[in-house]
Structures are given as C-alpha cells and as structure tokens.
Amino acid sequence: MVAAQVIGNDATITVAGQSGNFQLNVMLPVIAHNLLQSIQLLANAARLLADNAIAGFRVNGARLAEALERNPILVTALNPVIGYEKARPLPSRRTRKEGRSVRSQLS
C-alpha cells in the first residue's frame with residue numbers, strides 16, 4: 001500500500017512539475033504535500049519493517065554455506081582461479097540433480 005501511494009504521489013509531482021512556467025508554479029503546494037507525505041510514509045514503513053521483521057532474523061550459516069556451494073554462479077567467481085577449461089563443465093543440471101557442490105567437482 002505504501003508503494004502504491006508513493007508511486008501515485010510521484011506521478012502527481014511529475015505532472016505538477018510540468019505545469020509550472022518559469023519561477024511561477026501554482027502547483028508547488030501539491031508538490032510539497034505529496035513529497036512530504038511520501039517521505040513520511042517511507043520512513044514509517046522502513047521503521048516498521050525493521051522493528052517487526054528484520055529485528056528477529058537469525059542467519060542460518062550452515063544453510064547459507066550449503067546453498068552457496070550448490071549455486072552455479074560460483075563458477076563465475078572461480079573462473080579467474082581455476083581457469084575457463086576447468087570451469088566450463090561445472091555448472092550443469094547434472095550437478096544440481098546429483099546434489100553435489102560445485103567445489104566437489106574441482107577435485
């Protein structure tokens with residue numbers, strides 16, 4: 001809902017900004033109102049997200065490491081280290097189907 005309102009405010013500010021002539025823009029009050037409303041909405045939403053969602057996060061390091069080991073994008077990072085010839089066969093569907101990590105194929 002916050003995003004929808006801020007997008008609407010942005011559209012209103014854009015249209016109002018186009019309606020001005022030189023230094024005289026009679027739309028300045030609507031621009032100021034919508035800008036301040038968007039700032040307040042985004043600040044409140046960020047605070048609520050931090051307090052109610054992010055504050056309780058706990059990182060599962062083991063699961064994170066396991067997911068990283070199986071991610072085919074790891075091969076891109078390994079290219080400068082192992083070279084393209086060794087890296088070419090690594091990121092395959094076979095690796096994912098077998099449940100093997102990318103690093104296990106290096107040996």
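A: Asn9 lies in helix α1, which covers residues 2–18. Helices here are DSSP runs of H or I with at least four residues, strands are runs of E with at least two, and both are numbered from the N terminus. The model is predicted: local features need pLDDT of at least 70, side-chain atom pairs count only at pLDDT 80 or more, and totals for chains, interfaces and linings use all residues. Residues are numbered from 1 along each chain as its sequence is written, and side-chain values use heavy atoms, with hydrogens and water left out.

Asn9 has a relative accessible area of 3%, so Asn9 is buried. Buried means under 20% relative accessible area, exposed means over 50%, and partly exposed is in between (1.4 Å probe, protein chains only).

Next, the partners. Leaving aside neighbours within four places in sequence, Asn9 is in contact with Asn34, Gln37 and Ser38. Contact means heavy atoms within 4.5 Å.

Now look at Asn34. Its place is in helix α2. Asn34 is buried too, because its relative accessible area is 7%. With neighbours within four places in sequence set aside, Asn34 is in contact with Asn9, Thr12 and Ile13.

Step back to the two helices. The axes of α1 and α2 (residues 28–52) come within 9 Å and cross at roughly 160°. Axes are lines fitted to C-alpha atoms, for helices over the stretch in contact, and angles run from 0 to 180 degrees between N-to-C directions. α1 and α2 are therefore roughly antiparallel to each other. That label is for angles over 145 degrees; under 35 counts as roughly parallel, 65 to 115 as roughly perpendicular, and the rest as oblique.

Which residues make the contact? On α1 they are Val2, Gln5, Val6, Asn9, Thr12, Ile13, Ala16 and Gly17. On α2 they are Val30, Ile31, Asn34, Leu35, Gln37, Ser38, Leu41, Leu42 and Ala45. The residues of this contact divide into 10 nonpolar, seven polar and no charged. Ala, Val, Leu, Ile, Met, Phe, Trp, Tyr, Cys and Pro count as nonpolar, Asp, Glu, Lys and Arg as charged, and the others, Gly among them, as polar.

Finally, the whole chain. The chain has six helices and zero strands. Of its 107 residues, 16% count as buried. Among contacts between residues at least 6 apart in sequence, 46% join residues at least 24 apart.
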